Amino acid sequence: MKKFLVSIMAGVLALAFVAGCSSSTPAPAPAADKKAEAPAAAPLPADVKAIKDRGVFKVGTKADVPKFGYKDPKTGQIDGFEVDLARAIAKAIIGDNAKVEASPVNAKTRGPALDNGEIDAVIATFTITEDRKKSWNFSDPYYQDAVGLLVKKDGGLKSLKDFNDKTIGVAQSSTSKAAVQAEADKAGVKLNFLEFATYPEIKAALDAGRVQAFSVDGAILAGYVDDKSVILPDRFSPQNYGVATKLDNKGLAQVVNDVVTKMKANGEMDNLLKKWGLK
Amino acid sequence: MQRFAWFKWQALFHDWHLFGQGLVKTVSTSALALVVALALGILFGIMATAPWRGTRLISRAYVDVIQNTPLFTQVMFFFYALGHWKIYPTPLWIGVIGLGTYHGAYVAEVVRAGIQSIHRGQMEAALSQGFTYSGAMRHVVLPQAIQVILPPLTNQAVALIKNSAILATISGYDLMHMADSWSAEKGYYGPAYLAVWVVYFLLCFPLATYARKLEARVARERGGEVKAA
Amino acid sequence: MKGSIMELLQPHLLLFMGKGLLVTLQIAVTSILLSFVFGTVIGVMRYSRHKVLAPIAGFYVEAVRNSPLLLLILFARFASGLKPVNSGIAAMTVFTTAVLAEVVRGGLNSIDKGQWEAAKSQGFSYFKTLRYIVLPQALRRMIPPMFSQFITVIKDTSYVWVVGVEELTGKGMIIMGQYGSTSQFFAIFLFIAFVYYVLCHLLGRMARALERRSILQTY
């Protein structure tokens with residue numbers, strides 16, 4: 001009887017681990033063994049075929065950046081330029097641009113969500129850097145933007161030179177901190193930084209007076225301007241956004257890059273940018 | 001395991017000083033917060049057992065409000081809403097005061113239970129011998145209560161260190177913040193979070209083990225008469 | 001009245017918050033129930049002094065109890081591939097299981113060793129003694145601490161916002177992102193705190209009432 005009890009306990013414990021913290025339950029991702037059989041079965045790479053078979057392209061987008069990826073609080077739908085870009089990729093893979101499932105990601109969640117197979121790609125104002133290229137595949141840049149500063153109108157701050165001893169709110173992991181710091185060093189201005197996980201938190205910190213400026217890429221800032229705030233003319237270090245995919249999914253990366261380069265060549269990308277007022 | 005690729009660990013070791021700075025912030029904030037928690041806890045714990053109804057009510061209200069609202073909400077309140085009065089404590093001070101008041105409420109309960117575990121007769125005997133109330137508290141009741149109080153107090157210290165990770169949500173540049181920030185910047189979250197977990201464990205486990213030893217000793221010495229909360 | 005507290009008095013915002021409260025309760029209730037089961041198992045394992053099971057349970061409890069909840073939430077969200085709300089339930093379950101396991105073990109330890117010997121002399125097996133004599137007493141003593149742990153779980157569920165789960169506090173953060181004045185922030189957080197307070201305060205009262213009743217029953 002003791003043995004019986006013991007085995008039940010072991011079972012429940014195992015269950016607890018599976019339900020809880022183990023990595024033994026990965027999402028059904030395109031596995032390596034599938035890749036092996038692919039060349040014989042179909043001309044499509046296994047990772048691309050997996051998406052086609054599933055019939056939906058899962059993409060991580062922003063939910064808090066108007067014009068790029070923004071979740072309308074009334075409809076609950078995420079829409080924007082980057083969601084449209086995902087639709088173009090879905091059309092190339094599945095043949096239907098409606099087969100997109102967009103879920104919101106932020107600086108903390110986007111990498112792990114790619115790696116554990118929750119999403120196929122990240123199209124979320126994700127800046128291409130050398131370090132990040134070692135973790136994920138990036139497409140060619142589809143958008144370039146420079147870092148800017150959003151300030152309160154009544155704060156009397158006109159340019160970065162006025163910022164000595166002021167505090168600037170940046171997004172965690174965004175490359176804007178380094179960009180602003182480099183510019184401030186040139187101007188001989190001493191700055192403090194606060195880092196936040198999401199953009200609305202930085203905007204709230206600006207509104208609350210915790211930071212004197214909200215600094216991220218200009219196009220993102222544009223979505224947060226209201227009647228009490230203004231974007232300064234200063235612009236620093238342009239950043240390139242790319243579509244990121246899991247490092248193993250080379251086939252998918254190729255397809256994604258083909259779509260991006262083709263859209264840039266035939267003017268579709270420009271049309272999309274115009275549609276969202278980004279050009 | 002790609003997430004834990006060797007080059008990612010190398011990058012982590014290369015930037016170890018960032019994590020070191022984070023550790024310093026975590027430890028110093030926790031230490032200061034613990035002092036605040038102890039001060040508040042002892043004050044309100046004694047107030048809760050005082051013979052005056054007013055002090056008991058105040059103590060009850062403090063413990064009730066703080067223990068029944070989340071630390072996260074309290075910290076968000078301090079960070080965003082105090083601007084309403086143009087008060088802007090730095091994230092670190094929010095950590096010290098937020099964690100201090102939060103755990104202070106728990107320490108107050110621990111102190112109250114400790115004092116109440118000492119037989120009422122002792123207080124009465126001390127008073128009849130000419131001790132003042134505070135004198136009896138200081139020389140008779142508290143020295144005995146401390147033995148009962150110490151184990152759960154140590155557990156509160158462990159809880160406080162763990163909760164100090166909340167600084168990461170208000171840009172406190174603590175250990176957790178460094179892991180978040182560094183791994184989001186580089187994309188190498190695997191080694192960052194694993195390493196940070198080990199550090200938190202090394203901070204907490206010895207304290208937790210010490211608390212258990214103390215608990216066992218109290219149970220032995222007091223013959224199981226008092227069960228530490 | 002832009003920027004005023006009155007601007008927040010809209011039915012859809014209250015509904016939005018209400019949905020967040022439901023998520024908070026869903027995570028808290030599910031994880032406390034699961035933790036009761038798993039916690040009992042792990043507590044018994046640790047109590048058993050079994051060569052293999054006791055150290056496993058000990059490792060589990062220590063590893064979980066000595067790490068920040070924020071880290072467990074991140075691990076649960078990213079290592080398991082679960083949907084956000086479920087990952088929140090998983091994280092809270094993993095954490096609360098460790099806490100309740102210690103409560104169960106403490107309860108078992110508090111039961112007089114003489115009962116084991118008495119049961120053995122009456123021909124009860126190890127399992128039967130545990131099942132019919134010792135565990136029921138320990139579990140009855142578990143109900144009040146479980147209630148107070150339930151309060152802790154409700155409060156700690158606010159942490160899952162960091163991985164994007166929109167529970168009560170998270171809903172408040174989202175609303176804060178849409179409105180821009182400090183008096184509104186003030187009102188939002190005061191309101192959230194008030195909801196938590198009412199909920200937890202009432203649960204605390206229930207816990208104390210139960211505690212009194214269980215004391216009356218024991219004697």
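Predicted model: local features only at pLDDT ≥ 70, side-chain atom pairs only at ≥ 80, totals over all residues.
**View 1. The five-stranded open sheet of chain A.** Reading across, the strands come in the order β5-β1-β6-β15-β7 (chain A), and the pairing is mixed.

**View 2. Where β1 meets β6 in chain A.** Here we zoom in on strand β1 (residues 57-61) and strand β6 (residues 121-122) of chain A, which run parallel and pair over two bridges. Look for Val59(A), whose bridge partner in β6(A) is Ala121(A).

**View 3. Two helices on the sheet of chain A.** Helix α4 (residues 81-94) of chain A lies across β1 and β5 of chain A, at about 160° to β1(A). Helix α10 (residues 250-265) of chain A also packs on the sheet, where it touches β6, β7 and β15 (244-246) of chain A. The direction of α10(A) makes about 160° with that of β15(A).

**View 4. A closer look at α10(A) and its buried residues.** With 16 residues, α10(A) spans 22 Å from first C-alpha to last, close to the 22 Å expected at 1.5 Å a residue. Buried along α10(A) are Gly251(A), Leu252(A), Ala253(A), Val255(A), Val256(A), Val259(A) and Val260(A). What do the buried residues of α10(A) pack against? Their partners are α3 (46-54), α4, β6, β7 and β15 of chain A. Just past the end of α10(A), check out Gly267(A), which takes a positive phi of about 85°.

Conventions
Residues numbered from 1 in each chain as written. Chains lettered and ligands numbered in written order. Pairing = 2+ DSSP bridges. Helix = DSSP H or I, 4+ residues; strand = E, 2+ residues; numbered from the N terminus. Contact = placed C-beta atoms within 7 Å. Axes fitted to C-alpha atoms, helices over the stretch in contact; angles between N-to-C directions. Expected span 1.5 Å × (residues − 1). Buried ≥ 20, exposed ≤ 12 C-beta atoms within 10 Å, placed from the backbone.
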